[in-house]
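Here is a short briefing on one protein chain. Please look over the sequence and the model, then read on.

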Amino acid sequence: MIMLPGDALAALHGLPLQSLTNIPKLKGIYALVDHEHHFRYIGSTKGRDFHNRIHSRHTTGTEENSHKFSWAYNTGRMYRGPKGDDEELMRDRQAAKDLRTLFIRKHCRAVWMPLEGTRQEIEELEHSMVWLAPIETVQWNKQRVKSSPPPEPTELVDALIEELGIDPLTKARLERQAERYRVAIRKAAA
């Protein structure tokens, strides 16, 4: 094994939080950090690199397929919801996804620890670290994609909309998505 899981976990938690820009194209173990700066997910590059896994998948990916930032912030005005044939619906969905991506880039963080080793060694270390970590540190590892994401961080979303100077048409799109989210949550609870 490359490192002992406990040592790797301590090393990962000792790293400074990084913005989601200029992510290196190296391989190893990483952690995703939510908008409140809490560790929520530990992952490995799985044959890719940090930039591909964190930026291209978790940040801008779909809500499914274990794209954790996209899943965790698929809520309220950042909710994309199911596709449809209606062009307005598709524009509403895109506005929500664009806002969600900007929110994640502004408020979320990550840490990464480059490692030398085979893909199998790195993935085995990841699994051992997830097993060893406190539950709150790997909360998103344990969540099923079909469960509901946490509530929208309303004040931060309001501030971002204001900062971006989002026009009234786009605000209306985002409000329609928020209503679609409320309907989806009610249906899921019924």
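Which residue in β3 does Gly28 stand opposite? Gly28 faces Pro114. The model is a predicted one. The points below cover the sheet, a helix pair and the salt bridges.

**The sheet**

- Three strands form an open sheet in the order β2-β1-β3, and their pairing is antiparallel.
- Its edge strands are β2 (39-44) and β3 (109-114), each of which pairs on one side only.
- On average, neighbouring strands in this sheet are turned by 15 degrees against each other, direction ignored.
- Strand β1 (residues 28-33) and β3 run antiparallel and are joined by six bridges.
- Along with Gly28 opposite Pro114, Ala31 stands opposite Val111 in β3.
- Strands of a sheet pair through backbone hydrogen bonds, in parallel or antiparallel fashion.
- How many of the six residues of β3 are buried? Five of them are, so β3 is largely enclosed by the rest of the structure.
- β3 is thus an edge strand that pairs on one side only, yet is largely enclosed.

**A helix on the sheet**

- Strand β1 is joined to β3 by six bridges.
- Helix α5 (residues 119-132) packs on the sheet and touches β1 and β2.
- The direction of α5 makes about 155 degrees with that of β2.

**Helices α4 and α7**

- Two packed helices are described by the angle and the distance between their axes.
- The axes of α4 and α7 come within 11 Å and cross at roughly 105 degrees.
- Why do α4 and α7 count as roughly perpendicular? Angles of 65 to 115 degrees count as roughly perpendicular, and the crossing is at roughly 105 degrees, so α4 and α7 fall in that class.
- From α4, the contact takes in Leu99, Leu102, Phe103, Lys106 and His107.

- Side chains of opposite charge can pair when their charged atoms come close.
- With a cut-off of 4 Å between side-chain nitrogen and carboxyl oxygen, the count comes to 15 salt bridges.
- Asp158 and Arg77 form one, with the closest N and O atoms 2.7 Å apart.
- This pair links distant parts of the chain, 81 residues apart.
- Asp158 lies in helix α7 (residues 154-164), and Arg77 lies in the loop between α3 (68-72) and α4 (87-107).
- Is Arg77 buried or exposed? Arg77 is buried, because its relative accessible area is 8%, under the 20% limit.

**Salt bridges: local pairs and a network**

- Arg91 bridges to Glu87, with the closest N and O atoms 3.6 Å apart.
- Arg91 and Glu87 are four residues apart in helix α4, so about one helical turn separates them.
- Arg91 is partly exposed at 39% relative accessible area, whereas Glu87 is exposed at 56%.
- Which residues are linked with Arg91 and Glu87 in a network of salt bridges? The network also takes in Glu88, Asp92, Arg173, Arg176 and Arg180.
- Glu179 forms a salt bridge with Arg186, and the closest N and O atoms are 3.6 Å apart.
- Glu179 is partly exposed, with a relative accessible area of 33%.

Terms used
Residues are numbered from 1 along each chain as its sequence is written. This is a predicted model: local features need pLDDT of at least 70, side-chain atom pairs count only at pLDDT 80 or more; totals for chains, interfaces and linings use all residues. Side-chain values use heavy atoms; hydrogens and water are left out. Helices (H or I, at least four residues) and strands (E, at least two) are DSSP runs, numbered from the N terminus. Buried means under 20% relative accessible area, exposed over 50%, partly exposed in between (1.4 Å probe, protein chains only). Two strands pair if DSSP finds at least two bridges between them. Axes are lines fitted to C-alpha atoms, for helices over the stretch in contact, and angles run from 0 to 180 degrees between N-to-C directions. Contact means heavy atoms within 4.5 Å. Angles under 35 degrees count as roughly parallel, over 145 as roughly antiparallel, 65 to 115 as roughly perpendicular and the rest as oblique.
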